[in-house]
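Please look at the sequence and the model before reading the points below.

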Amino acid sequence: MNIAEWILVAILSITLFIFLIVGIVLIVKLIGLTKDAQKVVIKSQDIAENANGIVNNVKGMTSIGGTVEMFVDKYINPKLKEKMKEKKEEKKNDGKE
C-alpha cells in the first residue's frame, strides 16, 4: 500500500474509534436518563394519588360537596342499580324467548 492509503486507513480508524467511544458514552447516559425518568413517573403517580385523596377530603368537608355526595348516594345510585337489574332481566328474557 502507498503511504497515502495508510494515512487514509489511519484517519478512518481513528474516526470510527472516536464514534464508537462517543456512542458507548451516549448509550450509558441514555440508560441513566431512563432510570431517572422512571423515578419521576413513580413520584408523579404518588403525587396524583395524594392530590386525589385531598380533593375527596375537601369535597366531603364542604357543605355543597357533602350534600351532593349524600344526594348521589341516596337517590341516584339506587335508581341506577334498579335500571341495571332491569336491563339484565330484559336480556335474560330476550335470550329465553
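K87 sits in helix α2, which covers residues 63-96. The model is predicted. With a relative accessibility of 54%, K87 counts as exposed, because the cut-off for exposed is over 50%.

**Charged patches**
- K87 is part of a surface patch of positive charge, where it gathers with K79, K83 and K91.
- A surface patch of negative charge is made up of E82, E86, E89, E90 and D94.
- E82, one of the residues in that negative patch, lies in helix α2.

**Nonpolar patch**
- A nonpolar patch on the surface is formed by I14, F17, I18, L20, I21, V22, I24, V25 and V28.
- Together, the residues of this nonpolar patch have about 840 Å² of accessible area.
- V25, one of the residues in the nonpolar patch, is found in helix α1, which covers residues 3-61.
- V25 has a relative accessibility of 44% and therefore counts as partly exposed, since partly exposed lies between the 20% limit for buried and the 50% limit for exposed.

**The chain overall**
- The secondary structure of the chain consists of 2 helices and 0 strands.
- The chain has 97 residues, and 1% of them are buried.
- The accessible surface of the chain is about 9,200 Å².
- Carbon and sulfur atoms account for 68% of that accessible surface.

Key
Residues numbered from 1 in each chain as written. Predicted model: local features only at pLDDT ≥ 70, side-chain atom pairs only at ≥ 80, totals over all residues. Heavy atoms only, no water. Patch = residues over 30% accessible without salt bridge, like charges linked within 9 Å, V, L, I, M, F, W, Y side chains within 5 Å. Areas by Shrake-Rupley, 256 points an atom, 1.4 Å probe, with all protein chains shown as cover. Salt bridge = Lys/Arg side-chain N within 4 Å of Asp/Glu carboxyl O. Helix = DSSP H or I, 4+ residues; strand = E, 2+ residues; numbered from the N terminus. Buried < 20%, exposed > 50% of the residue type's maximum accessible area, 1.4 Å probe, protein only. Lys, Arg positive; Asp, Glu negative; His and termini not counted. Charge placed at Lys NZ, Arg CZ, Asp CG, Glu CD.
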